[in-house]
Amino acid sequence: MNKIKRLKQLPLKASNYAILASVIGFELVIVAIYLGSILLTGVPYPPFDMNGQMTIPSFLQAFYLFAIGLIALILFVTERRSKQPPSSGFKLAIAILLLYATLDEIFELHLQLDNWFSVLGKGDWMGIYLGVFSIAPMVWYKDVCKLWRVYRQETLIVLLGLTLLIVGGLGAELFKGWFRLIVGLLFKHDFILFFADKVRVAIEEFSELLGETLILYATFLFLKKRRRRRLLFARSSG
């Protein structure tokens, strides 16, 4: 009686794919403008600077993070007594982490951590963030398992998005020294070295954008399926 039943997975509508493709297409346009402006002028066009603060790419990432965090917070407030997964603690933790990440994306708080905490060295923020990413699945293991059983399609998309975020985002940041070393060994022309580093930045930022896009997309699929579950439950109860 108390077991959570999985709903039959519905095929994704063409309209869903079209919206997702349109958003990803816009993100690719941002990459093209960023790299194209560097090729033409030697500097990125300021509003589309993918390595800048308070630019269109950074505000777009902040919007994605804020939207997911706000949805988690609304679910936490409105579903306090709900027995559907995930738990209230999980939803609150996601809301807090992502609303912080929104501020971090806009104001680059991670770059100030070593100034605020004397025990931290430059770049130690990556260890902190990786630690949070590593610990979270273990702390909320039961919630993740329940989500996998009930919302498998959505959970898969979220996992893909997280992989892009971690590998493309933090991974590119962690190995940028090796990247610069390898490129430096292969090429000697200053502009090629300079542009190659900008391509690395574009890959890093696009991976983060794409990962966040997929997670937000999965969140909306999750909300649609959750509403369908409520309607089915209401009909069966009536």
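Which residues touch the most other members in the largest nonpolar core? The legends below begin with that core.

**Figure 1. The largest nonpolar core of this predicted model has 29 residues**. Val31, Tyr34, Leu35, Met50, Ile157 and Ala202 are the residues that touch the most other members. A nonpolar core here is a set of buried Ala, Val, Leu, Ile, Met, Phe, Trp, Tyr and Cys residues joined through side-chain atoms within 4.5 Å. Two or more residues each come from α1 (14-41), α2 (56-78), α3, α7 (152-174) and α9 (190-237). With twelve residues, α9 gives the largest share. Apart from this core lies another, of seven residues, including Ile71, Leu75, Val150 and Phe222.

**Figure 2. Here are the neighbours of tyrosine 34**. Leaving out residues up to four places away in sequence, tyrosine 34 touches Pro44, Phe48, Asp49, Met50 and Asn51, and also Lys198, Val201 and Ala202. A contact means heavy atoms within 4.5 Å.

**Figure 3. Helix α3 covers residues 88-107**. Its 20 residues should span 28 Å at 1.5 Å a residue, and the end C-alpha atoms, 29 Å apart, agree with that. The expected span is 1.5 Å times one less than the number of residues. Buried positions in α3 are Phe90, Lys91, Ala93, Ala95, Leu98, Ala101, Thr102, Asp104, Glu105 and Ile106. After α3 comes glutamate 108, with a positive phi near 50 degrees.

**Figure 4. Lysine 142 sits in helix α6 (residues 141-150)**. Its relative accessibility is 67%, so lysine 142 counts as exposed. Buried means under 20% relative accessible area, exposed over 50%, and partly exposed in between (1.4 Å probe, protein chains only). Proline 86 is 56 residues away from lysine 142 in sequence, yet the two C-alpha atoms are 8.7 Å apart in space.

**Figure 5. The whole protein has nine helices and zero strands**. Helices (H or I, at least four residues) and strands (E, at least two) are DSSP runs, numbered from the N terminus. Of the 238 residues, 39% count as buried. Among contacts between residues at least 6 apart in sequence, 75% join residues at least 24 apart. The accessible surface, by the Shrake-Rupley method with a 1.4 Å probe, comes to about 14,500 Å², and 71% of that belongs to carbon and sulfur atoms.

**Notes for all views.** Residues are numbered from 1 along each chain as its sequence is written, and side-chain values use heavy atoms, with hydrogens and water left out. In this predicted model, local features need pLDDT of at least 70 and side-chain atom pairs count only at pLDDT 80 or more, while totals for chains, interfaces and linings use all residues.
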